[in-house]
Amino acid sequence: DDNFATIVEAVREGRVIFDNIRKFLRYLLSSNMGEVLTVFLGVIGAGLIGLQSGDEALILPLLATQILWINLVTDSGPALAMGVDPATEDVMARPPRRCGERVIDARMWEDVLTMGLVMAVASLLTIDIYLPGGLFEGDRSLDQARTAGFTVLVFAQLFKCFSARSERASAFRNLLVNRWLWGAVTVSALLQVAVVNAPPLNVAFGTKPLTLDQWIVCLAMGSSVLWAAEARKWFLRRQVSS
């Protein structure tokens, strides 16, 4: 129609859609980077974290089925839920973006690489904590240590989905506005509990049940990505304000 308010609403809706596409990409790229770096650094630093066998055979920090589980089961729900994330308060207060501005810009790549590295380090440190040898002397089997690292990576990605909702704003701001995201995170967490504790899934995915203390460690290590993201956003806000 010829109502100017319709144009304003269309611009607003377009900005919301563009923002949600960026959230989706920020989350999935960070998650995939975390998986790639976990495997890469785990292979490169196998001796450092105790991922070595007596015959010097290569031991991977994650199994192929575990990576598939992360990509198809625990990642997909939160990623899709970001597509219906509500608009932020400043959606119409921001100046128009440049026509040539990339959807994935340099700042997003920086976030993807940084958060992916945090996920990988947290996962590999958890494996090292439970494995004999390495930086920390553990006493658990390879399967249980790998299960703990696998769980940390899943939890880290679930924590990341909250910080991925904004480039600068804290994840704790408007934390409860997207019920679909909370539902997807809850289902993903329950599925991870099932793949760790259900005997048929243990066989399929090479996992072992974790104790309550180990679950707490995995949750704490997984949350490190949220605190790292909050620190990065605080620094970015300080740069803008100064």
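**Close-up views: cysteines, cavity and pockets**

**View 1. Cys218 and the cysteines of this predicted model.** At a relative accessibility of 0%, Cys218 counts as buried (buried means under 20% relative accessible area, exposed over 50%, partly exposed in between, with a 1.4 Å probe and protein chains only). Cys99, in contrast, is exposed, with a relative accessible area of 84%. The structure holds zero disulfides, a disulfide being a pair of cysteine sulfur atoms within 2.5 Å. Cys218 is accordingly in no disulfide, and the nearest cysteine sulfur, that of Cys161, is 18 Å away. A note on reading these views: the model is predicted, local features need pLDDT of at least 70, side-chain atom pairs count only at pLDDT 80 or more, and totals for chains, interfaces and linings use all residues. Residues are numbered from 1 along each chain as its sequence is written, and side-chain values use heavy atoms, with hydrogens and water left out.

**View 2. The one cavity of 30 Å³ or more.** About 50 Å³ of space lies in this largest cavity. On a 1 Å grid over the protein atoms alone, a cavity is a set of points where a 1.4 Å probe fits but cannot get out, whereas a pocket is an open set with protein on both sides within 12 Å along at least five of seven lines; lining residues have an atom within 4 Å of a point. Around the largest cavity you will find Arg26, Asp111, Lys160, Ser163, Ser166, Glu167, Ala229, Arg232 and Lys233. Helix H10 (224-241) and helix H6 (142-163) each supply at least two of the lining residues, and H10 gives the most, with three. By class, the cavity lining has six charged, two polar and one nonpolar residues.

**View 3. The largest pocket, with about 1,100 Å³ of space.** Its lining counts 34 residues, and Asp19, Asp90, Arg94, Ser166 and Glu167 lie nearest the centre. Helix H1 (4-44) and H10 are the elements that give two or more residues to this lining. The largest share, six residues, comes from H1. Charged residues number 20 here, alongside 10 nonpolar and four polar ones.

**View 4. The second largest pocket, with a volume of about 200 Å³.** Look for Phe155, Leu158, Phe159, Phe162, Ala171, Phe172, Leu175, Trp182, Val185, Ala189, Leu219 and Leu226 along its lining. The elements giving two or more residues are H6 and helix H7 (179-197), and H6 gives the most, with four. By class, this lining has 12 nonpolar residues, no polar and no charged ones.

How values were computed:
Grid points are joined across faces, edges and corners, and a volume is the space filled by probe spheres set on the points. Ala, Val, Leu, Ile, Met, Phe, Trp, Tyr, Cys and Pro count as nonpolar, Asp, Glu, Lys and Arg as charged, and the others, Gly among them, as polar.
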